[in-house]
Amino acid sequence: MLQNMSGAHLLVIVVILALDVVALVQMWRDRRRSDVVKAVWTVVILAVPVIGVVGWAVNWLLGRAAAALDRSR
């Protein structure tokens, strides 16, 4: 199975797995989200790795921006 994989393919797989791990760790460390939301995001990230990580990152960044705006009031 891995005989036909070039170094570039393996690099892409490793990068995607690293992003998944970072997203999962960061998400589970977030205390503002409920456990149900964390479980749903975990399923999404694991089911569709690239789209799930991008969706989580956008959601996370928007949440941080909203929190920063809320603190400035």
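The largest cavity has a volume of about 40 Å³. A cavity here is a set of points on a 1 Å grid over the protein atoms alone where a 1.4 Å probe fits but cannot get out. Points are joined across faces, edges and corners, and the volume is the space filled by probe spheres set on them.

This is a predicted model: local features need pLDDT of at least 70, side-chain atom pairs count only at pLDDT 80 or more, and totals for chains, interfaces and linings use all residues. Residues are numbered from 1 along each chain as its sequence is written, and side-chain values use heavy atoms, with hydrogens and water left out.

The structure holds one cavity of 30 Å³ or more. Lining residues have an atom within 4 Å of a point. For the largest cavity they are Met27, Asp30, Arg33, Val37, Lys38, Trp41, Trp56 and Trp60. Two elements give two or more residues to this lining: α2 (35-47) and α3 (49-71). Helices are DSSP runs (H or I, at least four residues), numbered from the N terminus. The largest share, three residues, comes from α2.

By type, the lining has five nonpolar residues, three charged and no polar. Met, Val and Trp count as nonpolar, Asp, Lys and Arg as charged.

Asp30 forms a salt bridge with Arg33, the closest N and O atoms being 3.6 Å apart. The term means a side-chain nitrogen of Lys or Arg within 4 Å of a carboxyl oxygen of Asp or Glu. Asp30 also pairs with Arg32, at 3.4 Å between the closest N and O atoms. Shared partners join Asp30, Arg32 and Arg33 into one salt-bridge network.

Asp30 is buried at 10% relative accessibility. Arg33 is partly exposed at 26%, and Arg32 is partly exposed at 47%. Buried means under 20% relative accessible area, exposed over 50%, and partly exposed in between (1.4 Å probe, protein chains only).

Terms used
1 Å grid on protein atoms, 1.4 Å probe; cavity = no way out; pocket = protein on both sides within 12 Å on 5 of 7 lines; lining within 4 Å.
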